[in-house]
Amino acid sequence: MPTRRAILGGLGAAGALALAGAGSRARAVPGLPEAPPVTGGVLHEIDLVAAETRGGILSRAAPSTPFWLYNGTPFETIRIRRGDTIRAHLKNRLSEHTAIHWHGIRVPNRMDGVQYITQPPVEPGEDFTYEFAPPDTGTFFFHSHCNTAGQIGRGLAGILIVEGDEPEPFDAEHVLVMKDWRLDEEGGWQPFYTAEGASRAGTFGQTRTVNGVEAFAASVPANGDVRLRILNVDPTRMIDLGIEGAEAWVIATDGNPVEPFPLHTWRMGTAMRADLHVRAPAAGGRFTVLDYFSATPWPLAVLTAEEKGIPLRPSAPRPLYRSHIPRIDPAAAKRVTFKFSASAGETAAITQGLPADDPLAMALLDSLCVGERGFWAINKQQWPSGDHRNLPPPLALLDDKASYVFDLQNDTPHPHPVHLHGQTFEVLSASRQDLPRFFADTVVVQPKERVEIGFVAAKGDWMFHCHILEHQENGMMGWLRVV
Ligand code: C2O
Ligand code: CU
C-alpha cells in the first residue's frame, strides 16, 4: 500500500489542500466536557529581558549571529494555569523600541502591546509591566508589534501555555515551535524585507527549524497518548500539517478546544497553532510530523516510541474541556465586509526615493514600524507608511458586546492569514476550504475566497491584519474601535 506521504506528495500542495479537513465534520464545542471551576489562582511574576544574544543557537548560525531573544532563550516559554495571573516586566535592552503583544489572549485592551494604539513604545533601556489573567486555556505566543518582521525574524518571540484543559493528563507532551531563519553564509542576517517578497507571498527563511533545531527528534512513550502543541511563529511560511506513522486528532485550534477530528492535513498560516492528540506507536516505532504544503513533504519532527510500560489500549480521541468564548447571536449579528486586496501603492517619504533594496533604505525601514510601500490594502485603506503615530481612521466602529459576522474577502492571488486582536472568533464558513466550525484568532483566507467569522466584540482599539509580516507592514493592517 502506498504511504500517505507518497499519495500526498504525488498530489502536491493542491491535492493536499483538497484533503484538508476531509472527514472532519466536526461539530463545534458544545459536545466537550465542562471544566470544574477554577480555584486558587497564582501570581507569576517574571522578567522578560529583550536583548541581543550572540551565538550559535542554530547549528547553522555563527558564534557572532546577533539573535534578539527574551531572556537569552529562543522561544522563552511561560506555563501557567487558567485562573493564574501573569505580571511580566518587559525590559527593553535592544537598540530600538519594542512592546509585547500577547497573541490570541483575550487581554484587557491596554495590555495588548501595540505601540501608539494601546501603549507608548518601550524605548531602549525602558521597562513596561503587563499584568492580566488569561481567561482561556491553550497554546499561545507573544511577540513585538513594531518592526515585527525584523524583531521576530531575529528570534524575538515567546510561548505562553495556559494549562487546565485536560480532563486526564496526557502521557507526554511536546511543544513544537516552527520558525525559519534568514541566515547568510557568514551567520549574519539577510534582509527581513524584500520588495519581491513583500509584494508576493513574503520573504522566506532558508534554514527551517523546529525548536531552533534543523532536524528535531525526541522520544515519546510507546502506546502513549501524546499531546503535541504545534506553533507556526514564522513571519511568512504557511504549512499543511500532517502526521505519518501514527493516529492523530486535532483537539484545539489556536489554543481553543474543538471536538476532536482526525488529522489529515491542517493548514496553518503564520501565527496559527494546533494541538494534536497522537497515539504513539509500539516500542521502536516512530512517527513524523510533516509539512505537506510544498510538493515534497518536509519532515518537521521525528518522534520515536520508547518502552515505558504503557499497555496497548484501544485508541480513542481525548477531548479537552470546552472553552467559554462568547458565541454570537446569529439573528442579531451585524455583517461587515472586509476586502483584502493589492493596492496601487503610495510610496511614503521615509526612504526619500531610495530604491527599496538600497542598504540605507533597508536600514531605515528596519528601524521603523512599517515598510515604505503599500502593496496591500484592507477595504482600499492602507496602513500609512511611516510611523504608528500617524494612525489612519479605524476600519470600523463596533459596539461593545454586540455580535458581528465579518465577511473576509480575498481579492488577491495569495493566501492571507488574517488575525484579529483581543477577540477569539468562530470560523463560520469558507467558500474554498472544507473546514469544520472552530474557534481561532487567525484564519487563512485562500485566494479569491470568502471566509465568515463571528465574534462578540470586546471594548477597545484592536489591530486587524494579515499575519504575513511583510504584508502587515506594507499596508494590509488596520484597526477597529469597539465602544
Ligand atoms: Cu500576532 Cu498583530 O499579531
Ligand atoms: Cu497577507
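Modeller: In this predicted model, a donor is an N, O or S atom within 2.8 Å of the metal, a limit that is 3.2 Å for Na, K and Ca.

Colleague: What makes a residue a donor of the copper ion (ligand 2), and which residues are they?

Modeller: His416 through ND1, Cys466 through SG and His471 through ND1 coordinate the copper ion (ligand 2) at 2.0 Å; because the cut-off is 2.8 Å, these N and S atoms count as donors. Along the sequence, the donor residues of this copper ion follow the spacing H-x49-C-x4-H. Since water is not among the atoms, a site may look incomplete.

Colleague: Are Cys466 and His471 buried or exposed, and how do you know that?

Modeller: Buried means under 20% relative accessible area; Cys466 has 0% relative accessibility and His471 has a relative accessible area of 0%, so both are called buried.

Colleague: What is the pair of Phe338 and Phe406 called, and why?

Modeller: The centres of these rings lie 4.6 Å apart and the planes stand at 55°, so the pair is tilted: stacked would need planes under 30 degrees apart, and edge-to-face over 60. Phe338 belongs to strand β20 (residues 334-342) and Phe406 to strand β23 (residues 403-410), 68 residues apart in the chain. Phe338 counts as buried at 0% relative accessibility, as does Phe406 at 0%.

Colleague: What makes β11 and β16 the edge strands of their sheet?

Modeller: The open sheet has 5 strands in the order β11-β19-β18-β13-β16, with mixed pairing; β11 (216-221) and β16 (266-268) each pair on one side only, and are the edge strands. Within this sheet, strand β13 (residues 239-244) is joined to strand β18 (residues 286-291) by 4 bridges, in antiparallel direction; because at least two bridges are needed, these strands count as paired.

Colleague: What is the confidence in the chain, and where does pLDDT stay under 50?

Modeller: The mean pLDDT of the chain is 88, and 86% of its residues reach 70 or more. Stretches where pLDDT stays under 50 include residues 346-352 and residues 364-368.

Note on methods:
Residues are numbered from 1 along each chain as its sequence is written. Chains are lettered from A and ligands numbered from 1 in the order in which they are written. This is a predicted model: local features need pLDDT of at least 70, side-chain atom pairs count only at pLDDT 80 or more; totals for chains, interfaces and linings use all residues. Side-chain values use heavy atoms; hydrogens and water are left out. Buried means under 20% relative accessible area, exposed over 50%, partly exposed in between (1.4 Å probe, protein chains only). pLDDT is the predictor's confidence in each residue, from 0 to 100. Contact means heavy atoms within 4.5 Å. Rings of Phe, Tyr and Trp (its six-membered ring) pair if their centres lie within 6.5 Å; planes under 30 degrees apart count as stacked, over 60 as edge-to-face and the rest as tilted.
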